[in-house]
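These are my notebook entries on a structure that I opened for the first time. I wanted to look up its elements, its surroundings and a handful of single residues, and to write down each term with its cut-offs as I went.

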Amino acid sequence: MKAIACAILISATAVLPALAQDISAGERSWNKCRACHQTGEGAKNLVGPQLNGLFGRHSGSVEGYSYSAANKNSGISWDEATFAEYIKDPKAKIPGTKMIFAGIKNEQEIKDLTAFLKQFGQDGKKL
Ligand code: HEC
């Protein structure tokens, strides 16, 4: 009985951190995006559009940013599922996008990055 309880404990501690979203890990992953994107208060469009309030936004909707036709016409609404597919392989999800990024294959890293980005509302303030 003791051995079973112990096994459950071990597997729970092994599995739980993998399921949780970790904002600080997401912030480290965000370093891969920062050369081209900003988020937070006063975020500006750089090489890529600012990413405030991304979840719930339509693709190609940031004012003043000159998107590719591919991105603008992709008809995507950004939610966790569409973002995860896109960030794994941007060119596969939006053929012709001008975002030059190989993608993030690690599911946990995508979750963490999602948690990081979800903090910022439309105005860049933390929700
Ligand atoms: C080398 C520059 C570069 C890097 C690095 C980069 N992006 Fe981009 N990103 C772009 C460009 C350029 C676009 C606009 C794409 C278009 O118009 O085709 C874009 C578009 C996007 C969009 C679509 C936004 C919208 O309003 O439709 C998302 C989401 C996005 N990037 C997320 C990320 C994330 C998250 C990372 C880091 C993991 C990242 N990008 C890394 C340049 C980059």
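Entry on the ligand. I noted 27 residues around the ligand, the closest being C33, C36, G48, S68 and M99; a residue is near a molecule when its C-beta atom, placed from the backbone, lies within 6 Å of it.

Entry on the source. I am reading a predicted model, in which local features need pLDDT of at least 70 and side-chain atom pairs count only at pLDDT 80 or more, while totals for chains, interfaces and linings use all residues. Residues are numbered from 1 along each chain as its sequence is written.

Entry on the whole chain. I looked up the elements, taking helices (H or I, at least four residues) and strands (E, at least two) as DSSP runs numbered from the N terminus. The chain has 6 helices and 0 strands, and its elements run α-α-α-α-α-α from the N terminus on. I then checked burial, where a residue is buried if 20 or more other C-beta atoms lie within 10 Å of its own, exposed if 12 or fewer, and partly exposed in between, with C-beta atoms placed from the backbone. By that rule, 19% of the 127 residues of the chain count as buried. For contacts, I required the C-beta atoms of two residues, placed from the backbone, to lie within 7 Å; of the contacts with a separation of 6 or more, 49% join residues 24 or more positions apart.

Entry on the core. Which residues make up the largest nonpolar core? I listed 9 in all, namely L51, Y86, I87, I94, I110, L113, F116, L117 and F120, where a core means a set of buried Ala, Val, Leu, Ile, Met, Phe, Trp, Tyr and Cys residues joined through C-beta atoms within 7 Å. At least two residues of this core come from each of α4 (80-88) and α6, and α6 supplies the largest share, 4 residues. As background, I wrote down that in soluble globular proteins nonpolar side chains tend to be buried together.

Entry on α6. This helix has 12 residues and reaches 16 Å from its first C-alpha to its last, close to the 16 Å expected at 1.5 Å a residue, the expected span being 1.5 Å times one less than the number of residues. I found I110, K111, D112, L113, T114, F116 and L117 to be its buried residues, and what covers them includes α2 (23-30) and α4. E109 lies in this helix, at residues 107-118, and counts as partly exposed because it has 17 C-beta neighbours inside 10 Å. Its C-alpha atom is 6.8 Å from that of G26, 83 residues apart along the chain.

Entry on single residues. Is S59 buried or exposed? S59, in the loop between α2 and α3 (69-72), is buried, because 21 other C-beta atoms lie within 10 Å. Residues up to four places away in sequence aside, S59 touches N71, K72, S74, I76 and W78. V47 is found in the loop between α2 and α3 as well, but V47 is exposed, with 10 other C-beta atoms within 10 Å. K126, in the segment after α6, is exposed too, with 9 other C-beta atoms within 10 Å.
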